[in-house]
Amino acid sequence: PTLLFVADYLTERRKGGSLVAPALAALRRDVEVWTLGHGALSGFPPHVRCRSLGYVTDDRMKALIYSAADVLVHPAPVDNFPNTIAESLACGTPVVAFRTGGIPEMMPAPECGRLAESIDVHSLQHSIDEALAQVPLRFEQRLNIQKHAAPIFDPVRQAAAYLDLFRTASTAAS
């Protein structure tokens, strides 16, 4: 199975890259990790092969990479509404992330992935293991993930939600 980790700078502390290798060390299976971003992760055990894909700017190439991965691992201990999760779900690839910020809203159905309950290596490892138990995904499963994600990220819906928020704030201020 192939896991994907994406960050502008992979080693930036707030992106959680330092949690990936320790979480994968406890897995009892061979896995491959692809990274997208500047820098490199290290410290992987022998059963984990890490492949740096560098910093990719081409949107079509990114979509192909997200679609080819089995699971996106988003180990940021704090995040609000990360684009990497939206991109992954739009490509039909499930996500493992911590239950923090707006991330639970982004993953409305179990098909969308797993949310680690606590922000620690053990919880991340457990959630990755659960997600990998579903691999390989059938085409219908990937379409179902996209179906759940599409309304959340629909630009018309997002604009309407902002307008409603502004109207509510304006009314409350009056």
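Helix H6 and its surroundings

The buried residues of helix H6 are Arg142, Asn144, Ile145, Ala149 and Ile152, where buried means under 20% relative accessible area, exposed over 50% and partly exposed in between (1.4 Å probe, protein chains only). Seen down the axis of H6, these buried residues fall within an arc of 160°, so they line one face of the helix; the arc is that of the directions from the helix axis to the C-beta atoms. The face turned away from the buried side carries the exposed residues Phe139 and Lys147.

This is a predicted model, in which local features need pLDDT of at least 70 and side-chain atom pairs count only at pLDDT 80 or more, while totals for chains, interfaces and linings use all residues. Residues are numbered from 1 along each chain as its sequence is written, and side-chain values use heavy atoms, with hydrogens and water left out.

Helices (H or I, at least four residues) and strands (E, at least two) are DSSP runs, numbered from the N terminus. H6 covers residues 139-153, and at 1.5 Å a residue its 15 residues should span 21 Å, which agrees with the 21 Å between its end C-alpha atoms. The expected span is 1.5 Å times one less than the number of residues. Among the elements that cover the buried residues of H6 are helix H2 (59-68), helix H3 (83-90), helix H4 (103-106) and helix H7 (155-173).

Two of these covering helices also hold salt bridges, each a side-chain nitrogen of Lys or Arg within 4 Å of a carboxyl oxygen of Asp or Glu. In H2, aspartate 59 and lysine 62 are three residues apart, about one turn of the helix, and their side chains meet at 3.7 Å, N to O. Aspartate 59 is exposed, at 57% relative accessibility. In H7, arginine 167 and aspartate 164 are likewise three residues apart, and their salt bridge is 2.9 Å, N to O. Aspartate 164 counts as partly exposed at 42%. By this rule the count comes to nine salt bridges.

Elsewhere, histidine 47 sits in the loop between strand E2 (31-38) and strand E3 (48-52). A polar atom of the histidine 47 side chain lies 3.2 Å from the backbone oxygen of leucine 27.

The cysteines remain. The structure holds zero disulfides, a disulfide being a pair of cysteine sulfur atoms within 2.5 Å. For cysteine 112, the nearest cysteine sulfur, that of cysteine 91, is 13 Å away. Cysteine 112 is buried, with a relative accessible area of 0%, whereas cysteine 50 is partly exposed at 31%.

Notes: Contact means heavy atoms within 4.5 Å. A polar contact is a pair of N or O atoms within 3.5 Å; within protein, one must be able to donate a hydrogen and the other to accept it, and residues adjacent in sequence count only if both atoms are side-chain atoms.
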